[in-house]
Amino acid sequence: MLLEGKRALIFGVVNERSIAYGIAEQLHKHGARLGFGYASTPIRKRLEPIAERLDGELLFQCDVTSDAEIQSGANLVREKWDGVDVLVHSIAYANREDLKGRFIDTSREGYRIALDVSSYSLVALCRAYERLLVHGASVITLSYYGSGRVVANYNAMGVAKAALEACVRYLAVDLGVSGVRINAISAGPVKTLAASAVSGFHNILSLIEEKAPLGRNISLEDVGKCALYLASDLSSGTTGDVVFVDSGYNIMGL
Ligand SMILES: NC(=O)c1ccc[n+]([C@@H]2O[C@H](COP(=O)([O-])OP(=O)(O)OC[C@H]3O[C@@H](n4cnc5c(N)ncnc54)[C@H](O)[C@@H]3O)[C@@H](O)[C@H]2O)c1
């Protein structure tokens, strides 16, 4: 039990295919107490049975585009838990029209939305929870290979992930003063609701099987186990980093 009694807040479970679900499962298996933040009322219905199965103690609305909702969530957590040991940010959104075709056609508003929901939200959550994150706490976010390389159709989300990874480095310095670590997991492609918005996503899945050193796509368990390592004391000297869980695809050249 690597996380016995640790309080872990998870933002981004929408169903059992969510990467955040794979993470929640592993943290729960290792003794963590769980709390869930969700984007909107319709998601709550889907999340309730999942949270129940994982003995979730907190379930609250937190649309990350709203500073007021972020703050009211943090107030609730302070009241119920007093402190937080693990915070998982597994959130991204871009308009469908900005996940296909030419990047050059990204609108100002589409760009703003992608960056706001998928990158700035990490900064906003870290600020709201800064005082609740105990010494030794760990923050984890999710990135993708498209942050540093051009992936067809990923477009605005690629830019948002580049910004997200830069945020992780800057936040590592601010949070490090209080002994809090923050890292990103760069996950290989997984069939989720968010991924289905990216045009031609299924082509990426078969490419990984063909080209990655491990010759297979990753599972939710693969990501969950890496999150377990980053959430626990096993990674006590690691912060500001991006850890790949992608069957090794990112190391390949020609
Ligand atoms: N699926 C992949 O192939 C893949 C690969 C690498 C990284 N990621 C990243 O993993 C993270 C989780 O995505 P996923 O693939 O599990 O998909 P998902 O659809 O299961 O999860 C995305 C989550 O973002 C939440 N969200 C969107 N807008 C929000 C808002 N305004 N406020 C609060 N929550 C909001 C959704 O409700 C959902 O829970 C994302 O950051 C995604 O970019 C996914």
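Helix α4 lies across β1 (7-11), β4 (84-89) and β5, running at about 165° to β4. Contact here means that two residues have C-beta atoms, placed from the backbone, within 7 Å. Axes are lines fitted to C-alpha atoms, for helices over the stretch in contact, and angles run from 0 to 180 degrees between N-to-C directions. Helices (H or I, at least four residues) and strands (E, at least two) are DSSP runs, numbered from the N terminus. The model is predicted, with local features needing pLDDT of at least 70 and side-chain atom pairs counting only at pLDDT 80 or more, while totals for chains, interfaces and linings use all residues. Residue numbers start from 1 along each chain as its sequence is written.

As for the sheet itself, it is open, has seven strands in the order β3-β2-β1-β4-β5-β6-β7, and pairs in parallel; pairing takes at least two DSSP bridges between two strands. β3 (58-61) and β7 (242-245) sit at the edges with a single partner strand each, so one side of each has no neighbour in the sheet. On average, neighbouring strands are turned by 20° against each other, direction ignored. Between the parallel strands β5 (residues 133-143) and β6 (residues 181-187) there are six bridges, and L142 has I185 in β6 as its bridge partner.

Back to the helices: α2 (residues 41-53) lies across β2 (33-38) and β3, at about 170° to β2. The axes of α3 (residues 67-81) and α4 (residues 108-129) come within 9 Å and cross at roughly 35°. In this contact, D67, I70, Q71 and A74 of α3 meet A124, L125, A128 and Y129 of α4.
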